[in-house]
Amino acid sequence: MLGNRHLKAEAVWHNHSRRAIKNKDHPSFAVHHPNFRGEPWRYTPRPGTSPVALLYFHVGKCAGGSVVNWLERQNPRFTMKLAYGMAPLFLGLFPAHFPTHARRWGTSRPDWRNESIFVEFHAWAEGFYLVDVLPELSDLRAEYRAVGGRLVTFTTLRDPASHIISFYEMWPTLTCNGTRSCSRASFARFLPDAVGLQTRILAGPKVRLKFPIPAYRRETQHPNGMFPCNEAHTERALSTLRSFDVIGFTSNLSAATDQVESCTGLWMPRRVPHKSERHTAFVTEEERADPAIQAAIRAAAACDIQLHQMMLRHLGTGTCGAVGARAGLQ
């Protein structure tokens, strides 16, 4: 089993920490059943070439599906591709940094110095980036530099108002009213719980555990009240954003992909194909035009708008290296 620190991180995403190993969603399952989510996508390693690792932090409903499709399915430049179900295998490549993950490869651990690796951190796997990778990121970058390689971190964000609407349409919550009879919550009812969706994801496990984001097809519980989005939460989210080399926006993905190519030194397909996902709810035109709902959207979006504005002050153009280091904040 994983250590207490890792179980606590998993509890954030699963909302519990004592799932039985028989539950295939539990990351520990991969230790005993390494093929459950399929083998990593592999191409022949190229010994003697400089190693590259691109770590993508996938914030839900921020074009992540399109980005992953672009990097995973249409890019042979990577010799190892780890979708989020396999993300812990990346940690297993570095037993000195992540000893609890060393056994994930068994005796067949590849040599990262011969690999070009893409890793997606999404959903429950976000915790592995926030809890495990972040504290070791500077040392990992140094190890790559020492052998002439590059480790690049990347995320994408979205206009907060658009993100809120898309999030609801993909993952509508339920209203149960204390009975077994539940129905899909209205968009208006969802909005008070949509404050700071991107901030909560980026602020780390403790914040997300205390203020869970709305869960698909479940009635969201609020034991600590609604998310207050205070200065400390924004600063934690900014701290995560400062760790990224590339921060892209859905409004201009081509600029982000150009920067990813520059920072990794790998040629990429120039166009990111749009990947549509089936929605399970829709915000009607009448709802979008309702002044009360428009006001509620603005109120819910204010937290993430503030985060974006603060982050934009630190962004450089056409440069690589963590945003925080470029801004002198690390």
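## What "buried" means here

A residue is called buried when its relative accessible area is under 20%, exposed when that area is over 50%, and partly exposed in between. Keep that in mind as we walk through this structure, which is a predicted model.

## The whole protein

Let's start with the overall picture. The protein is built from 14 helices and 8 strands. It has 330 residues, and 52% of them count as buried.

Among contacts between residues at least 6 apart in sequence, 75% join residues at least 24 apart.

## Helix 6, an enclosed helix

Now let's look at one helix in detail. Helix 6 covers residues 160-170. Of its 11 residues, 9 are buried, so helix 6 is largely enclosed by the rest of the structure. Those buried residues are Pro160, His163, Ile164, Ile165, Ser166, Phe167, Tyr168, Glu169 and Met170.

What do the buried residues of helix 6 pack against? Their partners are strand 7, helix 7 (187-190), helix 8 (197-203), helix 12 (285-289) and helix 13.

## How helix 6 meets helix 13

Two packed helices are described by the angle between their axes and the distance between the axes. For helix 6 and helix 13 (residues 291-312), the angle is about 125° and the axes are 8 Å apart.

Arg184 sits in strand 7, which spans residues 183-184. Leaving aside neighbours within four places in sequence, Arg184 is in contact with Tyr168, Pro172, Thr173, Leu174, Thr280 and Ala281. The C-alpha atoms of Arg184 and Thr173 are 6.0 Å from each other, and these two residues are 11 residues apart along the chain.

Over in helix 7 we find Ala188. Is Ala188 buried or partly exposed? Its relative accessibility is 42%, so Ala188 counts as partly exposed. Ala188 and Glu287 are 99 residues apart in sequence, yet their C-alpha atoms are 8.4 Å apart in space.

## Aromatic rings

Finally, let's look at the rings. A search of the whole structure turns up 17 aromatic pairs. In one of them, Phe94 and Tyr144 have ring centres 6.3 Å apart and planes at 50°, so the pair is tilted. Phe94 lies in the loop between helix 4 (88-92) and strand 4 (116-122) and Tyr144 lies in helix 5 (residues 126-146), so the pair ties together parts that are 50 residues apart in sequence. Both Phe94 and Tyr144 are buried.

Another pair is made by Phe167 and Trp171: the ring centres are 4.8 Å apart and the planes are at 65°, so this pair is edge-to-face. Phe167 has 3% relative accessibility and therefore counts as buried, whereas Trp171 has 24% and therefore counts as partly exposed. Elsewhere, ring pairs link Phe57, Phe121, Tyr129 and Phe244 into a cluster.

Terms used
Residues numbered from 1 in each chain as written. Predicted model: local features only at pLDDT ≥ 70, side-chain atom pairs only at ≥ 80, totals over all residues. Heavy atoms only, no water. Axes fitted to C-alpha atoms, helices over the stretch in contact; angles between N-to-C directions. Helix = DSSP H or I, 4+ residues; strand = E, 2+ residues; numbered from the N terminus. Phe/Tyr/Trp six-rings, centres within 6.5 Å; stacked < 30°, edge-to-face > 60°. Buried < 20%, exposed > 50% of the residue type's maximum accessible area, 1.4 Å probe, protein only. Contact = heavy atoms within 4.5 Å.
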